[in-house]
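Let's take a friendly walk through a protein fold together. Keep the picture beside you as you read.

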Amino acid sequence: MKLYYNPQSRAAIAKWMLDECDADYEIVHIDLEKGEHKAPEFLEINPAGKLPALVNGDSRIFETAAICLYLGDKLPEANLAPKIGAPERGRYLSLMVYSTSQLEPAMGDMLMGTGAVPPQRGWTDFETVEDIIEGELGDGAYLFGDWFTAADIMIGSMFIWKRMFGSPPGRPKLEAYVDRLLERPAGMSSSE
Ligand SMILES: N[C@@H](CCC(=O)N[C@@H](CS)C(=O)NCC(=O)O)C(=O)O
């Protein structure tokens, strides 16, 4: 497998997933300053011209959530994804998609100080997102209790970034969740 990567990008999330899977992969460094992500060879892999992208044989996968979903299913021995048919599968898929369709844009609005967006846009304000994630965590260490899954990578990485961007500490439960995630040996802090 080849991960098209730059450490200053969402490819760090895909790398975290690969490392948690203990996957055999190679990194292809993409220089964003030089515009290597807009080169015709890269656009063949990701027509959107963005990182990350993953190539595995004849499969090319782009969008961070799609890469994490793909790896979770492709490498079941890592036990990072409920199997098709498992009772947890529906909630897992929901959280994976929620991370990118609602959490990420709401966090972007909050960090950039954008005012409230109309709900017709498809996402909410960040406080509502925090309520939802706190509720989903419940009293568990992770989103599925003691079971660490790819949903923790997708959702947790957003809160890790919030901290890295120097945003003031948030809710204690979410901060403790970030501390736990950062303690993982294969965690995002170990990215090159
Ligand atoms: N929703 C996409 C977002 C990808 C994205 O915006 N990547 C940024 C780096 S974090 C990028 O490649 N930006 C360069 C550009 O758009 O020119 C995903 O999660 O893969």
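Predicted model: local features only at pLDDT ≥ 70, side-chain atom pairs only at ≥ 80, totals over all residues.

## Helices against the sheet

Which residues of helix 3 are buried? They are Thr-64, Ala-65, Ile-67, Cys-68, Tyr-70, Leu-71 and Gly-72. The cover over these buried residues includes helix 1, strand 3, strand 4, helix 4 (89-112) and helix 6 (150-164). As background for reading such a list, an α-helix has 3.6 residues a turn, so residues three or four places apart point the same way.

Strand 3 (residues 53-56) pairs with strand 4 in the antiparallel sense, over 4 bridges. To find a spot in this pairing, look for Asn-56, which stands opposite Ser-59 in strand 4.

## The whole chain

Stepping back, you can count 7 helices and 4 strands in the protein chain. Starting at the N terminus, the elements follow the pattern β-α-β-α-β-β-α-α-α-α-α.

How does the radius of gyration of the chain agree with that of a compact globule? For 192 residues, such a globule would have a value near 16 Å, and the protein chain has 16 Å, so the two agree. The C-alpha trace spans about 45 × 40 × 30 Å along its principal axes. Of the 192 residues, 45% are buried. Among contacts with a separation of 6 or more, 60% come from residues 24 or more positions apart. The accessible surface is about 9600 Å², and carbon and sulfur atoms account for 53% of that area.

## Aromatic rings

A pair of aromatic rings is described by the distance of the centres and the angle of the planes. The count here comes to 6 aromatic pairs. In one of them, the ring centres of Trp-16 and Phe-148 are 6.2 Å apart and the planes are at 40 degrees, so the pair is tilted. Because Trp-16 lies in helix 1 and Phe-148 in the loop between helix 5 and helix 6, this pair ties together parts that are 132 residues apart in sequence. Trp-16 is buried, with a relative accessible area of 1%, and Phe-148 is buried too, at 6%. Ring pairs link Trp-16, Tyr-142 and Phe-148 into a cluster.

Trp-161 and Phe-165 also form an aromatic pair: 6.5 Å centre to centre, with 20 degrees between the planes, and stacked. Are these two partners buried or exposed? Trp-161 is buried, with a relative accessible area of 16%, whereas Phe-165 is exposed, at 58%.

## A glycine in a loop

Finally, find Gly-122 in the loop between helix 4 and helix 5 (126-137). Its relative accessibility is 42%, so Gly-122 counts as partly exposed. Apart from neighbours within four places in sequence, Gly-122 is in contact with Ser-101 and Gln-102. Ala-48 is 74 residues from Gly-122 in sequence, and their C-alpha atoms are 21 Å apart in space.

Definitions and conventions. Residues numbered from 1 in each chain as written. Heavy atoms only, no water. Pairing = 2+ DSSP bridges. Helix = DSSP H or I, 4+ residues; strand = E, 2+ residues; numbered from the N terminus. Rg over C-alpha atoms; globule rule 2.2 N^0.38 Å. Buried < 20%, exposed > 50% of the residue type's maximum accessible area, 1.4 Å probe, protein only. Contact = heavy atoms within 4.5 Å. Areas by Shrake-Rupley, 256 points an atom, 1.4 Å probe, with all protein chains shown as cover. Phe/Tyr/Trp six-rings, centres within 6.5 Å; stacked < 30°, edge-to-face > 60°.
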